[in-house]
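Please look over the structure shown below together with its sequence. The report that follows takes up aromatic side chains, then a sheet, then a pocket.

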Amino acid sequence: MIMLVGPVGAGKTSLINALNQDCRKAEKTSSICFCDGAIDTPGEYAQMPRFYSALAVTATEAKMVLMVQDATDIRITLPPGFAAMFPRPVVGVVTKIDAPGADQERAKLRLLEAGIQEPFFYVSAYTGAGLADLTEYFVRKEV
Ligand SMILES: Nc1nc2c(ncn2[C@@H]2O[C@H](COP(=O)(O)OP(=O)(O)O)[C@@H](O)[C@H]2O)c(=O)[nH]1
Ligand SMILES: [Mg+2]
């Protein structure tokens, strides 16, 4: 089981759907959702400190946390050192690498600032780029 964390619109639900080869369009996620072998979380939870404890507790249900960073997002949305809050290994995933304005280096910097270490994964839910690498990593780590 993996848990996905990241701001509103980062591409968490789309990534879960793509990993499951589910072509449904992602609907807005309004509560923590145990679905399709993953824990999906509302973006607001990563953006509002009062929800952090809920995220940390829910992470105990997962074997790994995916911290999702949108490659097109110029804002700093993840708090510094955010990764240290989780009781599970945190892996950085950069989404939307297909999109205009995507900047993988900037996205990587955001993840480093959030306290996440290599390896980072660069994916697109639209084109499927990078999904095989990520899936292989899950298999290797037995999540
Ligand atoms: N270009 C592009 N857009 C994406 C990708 N993944 C998600 N999106 C779009 O980004 C928006 C937010 O996606 P969503 O999965 O709902 O994000 P969430 O709030 O993190 O769950 C939607 O309009 C998606 O269609 C991607 O890989 N490439
Ligand atoms: Mg969502």
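How many aromatic pairs does the count come to? The count comes to 4 aromatic pairs, where rings of Phe, Tyr and Trp (its six-membered ring) pair if their centres lie within 6.5 Å, and planes under 30 degrees apart count as stacked, over 60 as edge-to-face and the rest as tilted. This is a predicted model, in which local features need pLDDT of at least 70 and side-chain atom pairs count only at pLDDT 80 or more, while totals for chains, interfaces and linings use all residues. Residues are numbered from 1 along each chain as its sequence is written, chains are lettered from A and ligands numbered from 1 in the order in which they are written, and side-chain values use heavy atoms, with hydrogens and water left out.

| Pair | Centre to centre | Angle between planes | Class |
|---|---|---|---|
| Y52 and F82 | 5.0 Å | 55 degrees | tilted |
| F82 and F86 | 5.3 Å | 80 degrees | edge-to-face |

The pair of Y52 and F82 links distant parts of the chain, for Y52 lies in helix 3 (residues 52-59) and F82, 30 residues apart from it, in the loop between strand 4 (64-70) and strand 5 (90-95). Helices (H or I, at least four residues) and strands (E, at least two) are DSSP runs, numbered from the N terminus. Y52, F82 and F86 form one aromatic cluster. Y52 has a relative accessible area of 16% and is therefore buried, a term that means under 20% relative accessible area with a 1.4 Å probe and protein chains only; F82, at 3%, also counts as buried, as does F86.

The strands build an open sheet of 6, in the order 2-3-1-4-5-6 and with mixed pairing, where two strands pair if DSSP finds at least two bridges between them. Strand 2 (33-35) and strand 6 (120-122) each have a single partner strand, so that one side of each is left without a neighbour in the sheet. Strand 1 (residues 2-5) and strand 3 (residues 38-40) run parallel and are joined by 3 bridges, one of which pairs I2 with A38.

The largest pocket is lined by 29 residues, of which G11, K12, T13, S14 and A26 lie nearest its centre. Helix 1 (residues 12-19) gives the largest share of this lining, 6 residues. A pocket is an open set of points on a 1 Å grid over the protein atoms alone, where a 1.4 Å probe fits, with protein on both sides within 12 Å along at least five of seven lines, and lining residues have an atom within 4 Å of a point.

Conventions. Buried means under 20% relative accessible area, exposed over 50%, partly exposed in between (1.4 Å probe, protein chains only).
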